[in-house]
Amino acid sequence: MEKYKKILRKNKLKITPKRVSIINYFLQNNKYFTPHQIWEFMKKKFKKIGLSTIYRNLEKFEKIGILTKVEGEENRFYYGICKKTNKKHHHHIICISCHKIRDFDLCNFEQLKKQIEKITEFNIKEHHIFLKGICLNCEREA
Ligand SMILES: [Zn+2]
Ligand SMILES: [Zn+2]
Ligand SMILES: [Zn+2]
């Protein structure tokens, strides 16, 4: 939690009980959630909280690297906690069965990049690799 508080401070976002609760919820579950699911959880803790507050905070958290946006089933958007908060280049993989999320910093895109640039005549500036799979736990249970 401390490193996330540091990021909030660095980005001039106040450390409020609500923000801490949201981040904690992600940390404890290590899964990706829709804004709606976060809202359901937060409503139990804070009586008066609107969905728009949730949206706003999730967007902010994504911008400063605390959360990552995940495209899940039916093009719905989810958010998951980002453990590699040092801004180092990395990617995410999610389990489509239990919604677990994890980071990894292996990246082998350079070779492919040159080939794609050749074919498309584009100068590639950034890339996002996002993997979906089945984690070991879910594989075992199946
Ligand atoms: Zn990450
Ligand atoms: Zn799983
Ligand atoms: Zn990469």
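Trainee: How are α3 and α4 oriented to each other?
Mentor: They are oblique to each other, a label left for angles that are not under 35 degrees (roughly parallel), over 145 (roughly antiparallel) or 65 to 115 (roughly perpendicular). This is a predicted model, in which local features need pLDDT of at least 70 and side-chain atom pairs 80 or more, while totals for chains, interfaces and linings use all residues. Residues are numbered from 1 along each chain as written, with chains lettered from A and ligands numbered from 1 in written order.

Trainee: What angle do the axes make, and how close do they come?
Mentor: The axes of helix α3 (residues 35-45) and helix α4 (residues 51-63) cross at roughly 120° and come within 9 Å. Helices here are DSSP runs of H or I, at least four residues, and strands runs of E, at least two, numbered from the N terminus; axes are lines fitted to C-alpha atoms over the stretch in contact, with angles from 0 to 180 degrees between N-to-C directions.

Trainee: Which residues meet there?
Mentor: P35, I38, W39 and M42 in α3 meet L51, I54, Y55 and L58 in α4, contact being C-beta atoms, placed from the backbone, within 7 Å.

Trainee: Switching to G80, is that buried or exposed?
Mentor: G80, which lies in strand β2 (residues 77-81), is buried because there are 24 C-beta neighbours inside 10 Å (20 or more is buried, 12 or fewer exposed, in between partly exposed). Its contacts beyond four places in sequence include F26, Y32, V70 and I101.

Trainee: And where does C138 sit?
Mentor: C138 is in helix α6 (residues 136-141), and with 15 other C-beta atoms within 10 Å C138 is partly exposed. Leaving aside residues up to four places away in sequence, C138 touches C95, S97 and C98.

Key. Two residues are in contact if their C-beta atoms, placed from the backbone, lie within 7 Å.
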